[in-house]
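Let us take a walk through this structure together. Have the sequence and the 3D view at hand, and follow the chain as we go.

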Amino acid sequence: MVSAFIDHRLDGVIRVISIVNRSSLQPLYCSYCSTEQVCKTVDTDVQIHSDHFSYTCGASDVICKGEHMQNATHVLITTEKERSADHKMEYLPIKNKVVRESFKFNFTICISNLFGDYNNVLQFAQTMEMYKLLGVQHVVVYKTSCGPDLEKLLKHYETEGTLEIVSWPIDQFLNPARGWNIKRHKGDIQYFGQLVTLNECIYRNMYQSKYVLLNDIDEIIMPYKHSNLPSLMEDLQPAYPNIGVFLIENHIFPKIHFEESGKFKRAEWKNIPGINIMEHIYREPPRKKNYNPTKMIVNPRKVQQTSVHSTLKDFGGSFHVPFDVCRIVHVRVPLQENLTKEELFVDKRVWDFEQELVPNVDQTLKLSGFL
């Protein structure tokens with residue numbers, strides 16, 4: 001069990017986001033309690049998500065099928081039909097009990113799993129500051145572990161109030177794979193349970209945020225015809241009023257190719273660990289025969305289940321946003337490493353923000369003790 005929510009779109013059932021072992025399925029029961037004494041055990045509908053990348057364990061929703069669930073405060077998934085309610089520790093609190101029409105945040109980013117000794121401080125700071133300029137108020141990171149320098153930066157953003165860090169100790173329960181390809185990455189579950197965290201984040205922010213962005217830590221969902229995300233969505237949403245899922249194309253800026261003038265090779269950033277995204281302005285062309293993966297801007301109230309690049313179950317369908325309107329700036333290792341710099345496109349969109357971005361990054365690095 002990961003977390004539990006009332007789903008008001010489905011007659012107020014309790015949805016428990018869970019990880020299920022697909023190789024040893026058994027009937028599951030749902031024990032839910034309204035006050036200390038009153039608990040009830042009912043049958044469940046176990047919905048294993050269709051995307052599990054062939055790993056034995058997968059993201060699942062356990063739907064509790066009972067009555068009067070809106071009064072329930074805690075829930076437990078169990079294999080026993082008869083269960084005494086004395087195991088208070090194991091019960092999960094039930095969230096999203098109240099439907100809200102106005103939201104604390106306009107834009108929230110869900111960044112799935114931070115693990116290993118990931119220590120890319122400079123790119124993380126630049127990305128966070130870029131997102132603030134684009135209109136994001138809230139970032140959620142699921143953290144298993146990270147490097148010592150990044151830890152300092154995360155603490156700064158948490159103190160500032162921009163970042164919510166959700167502890168994700170999945171390695172204490174399972175042997176998580178470090179990738180998505182089961183042939184190359186052995187383990188019980190895909191990529192440190194990435195799909196579980198993305199779904200958890202949608203429900204966590206269902207009544208907190210108007211929109212939720214689902215992307216990786218090194219990706220920036222970047223509007224190219226609007227100055228920020230609110231103005232982008234003010235155009236897109238009325239044009240497609242029923243759509244709740246906007247698909248944004250991923251475009252790769254290889255970190256091996258540097259901009260030639262060196263204008264952003266700043267002395268202040270020389271000793272900061274990580275990539276300086278402002279030095280990488282060369283974008284790979286789309287691969288003609290390959291599917292170009294997308295990430296998403298979603299209205300969380302229109303999503304039931306999501307995968308990484310698209311939703312699995314939603315209300316209202318999805319819209320593929322044209323590349324010239326919005327695309328992802330993704331500075332990373334090249335995908336087409338045989339291309340020379342001359343075969344790449346020059347794309348300086350990030351530079352449009354330099355006058356605010358550079359001092360904001362400097363200020364952040366000072367406040368978090370790096371400068």
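A disulfide, as the word is used here, is a pair of cysteine sulfur atoms within 2.5 Å. What you are looking at is a predicted model, in which local features need pLDDT of at least 70, side-chain atom pairs count only at pLDDT 80 or more, and totals for chains, interfaces and linings use all residues. Residues are numbered from 1 along each chain as its sequence is written, and side-chain values use heavy atoms, leaving out hydrogens and water.

Let us begin with the sheet. Helices (H or I, at least four residues) and strands (E, at least two) are DSSP runs numbered from the N terminus, and two strands pair if DSSP finds at least two bridges between them. Seven strands form a closed barrel in the order β1-β2-β5-β4-β3-β6-β7, and their pairing is mixed. On average, neighbouring strands of this sheet are turned by 35° against each other, direction ignored. Helix α3, residues 194-204, packs on the sheet and touches β1 (3-7), β2, β5 and β7 (92-95); contact means heavy atoms within 4.5 Å. The direction of α3 makes about 170° with that of β2, where axes are lines fitted to C-alpha atoms, for helices over the stretch in contact, and angles run from 0 to 180 degrees between N-to-C directions.

Now look at one pair of strands. Strand β2 (residues 13-21) and strand β5 (residues 57-64) run antiparallel and are joined by eight bridges. Across this pairing, Ile17 stands opposite Asp61 in β5. Gly58 also lies in strand β5. Is Gly58 buried or exposed? Buried means under 20% relative accessible area, exposed over 50%, and partly exposed in between (1.4 Å probe, protein chains only); with 2%, Gly58 is buried. Beyond its neighbours within four places in sequence, Gly58 is in contact with Ser18, Ile19, Val20 and His52.

Next come the cysteines. A disulfide is a covalent bond between the sulfur atoms of two cysteines. How many disulfides does the structure hold? There are three, and with bonded cysteines counted along the chain they follow the pattern 1-4, 2-3, 5-6.

One of them joins Cys30 to Cys64, with 2.1 Å from S to S. Cys30 lies in strand β3 (residues 29-33) and Cys64 in strand β5, so this pair ties together parts that are 34 residues apart in sequence. The torsion about its S-S bond is about 80°, so the disulfide is right-handed. Both Cys30 and Cys64 are buried.

Another disulfide links Cys33 to Cys39, also with 2.1 Å from S to S, and its 105° about the S-S bond makes it right-handed. Here Cys33 is buried at 3% relative accessibility, whereas Cys39 is partly exposed at 28%.

The remaining disulfide joins Cys110 to Cys201, at 2.0 Å from S to S. With -85° about the S-S bond, this link is left-handed. Cys110 lies in strand β8 (residues 105-114) and Cys201 in helix α3, so the pair ties together parts that are 91 residues apart in sequence. Cys110 and Cys201 are both buried.

Cys57 is buried, with a relative accessible area of 6%. For Cys326, the closest cysteine sulfur is in Cys110, 17 Å away, which is again too far for a bond. Cys326 counts as buried, at 0% relative accessibility.
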